[in-house]
Amino acid sequence: MDAPTLLPLVDVDKGFAIALFLLLCVFLAMMIVRCARLIMDPYKDIPNSMWEDQ
């Protein structure tokens, strides 16, 4: 007699959807952190040569 096969907890399509969703969440979190740092110190990344008097 055949042994009963175990069904996977998550099918392939749902697995891809969950992986894509998690990847988008990570990207969103990185963008939130980047924008928050830019708001807190907007002039940090501008080179000093831009501030020279002309």
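Which helix does Phe21 lie in? Phe21 sits in helix α1, which covers residues 12-40.

## About the model

This is a predicted model, where local features need pLDDT of at least 70 and side-chain atom pairs count only at pLDDT 80 or more, while totals for chains, interfaces and linings use all residues. Residues are numbered from 1 along each chain as its sequence is written, and side-chain values use heavy atoms, leaving out hydrogens and water.

## Overall fold

The protein has one helix and zero strands; these are DSSP runs numbered from the N terminus (helices H or I, at least four residues; strands E, at least two).

Of the 54 residues in the protein, 0% are buried. Here buried means under 20% relative accessible area, exposed over 50%, and partly exposed in between (1.4 Å probe, protein chains only).

## Surface

The protein exposes about 5,900 Å², with 70% supplied by carbon and sulfur atoms. Accessible areas come from the Shrake-Rupley method with a 1.4 Å probe.

Back to Phe21: this residue counts as exposed because its relative accessibility is 53%.

## Cysteines

Let's turn to the cysteines. Cys25 is partly exposed because its relative accessible area is 33%, and Cys35 counts as partly exposed at 44% relative accessibility. Zero disulfides turn up in a search of the whole structure, a disulfide being a pair of cysteine sulfur atoms within 2.5 Å.
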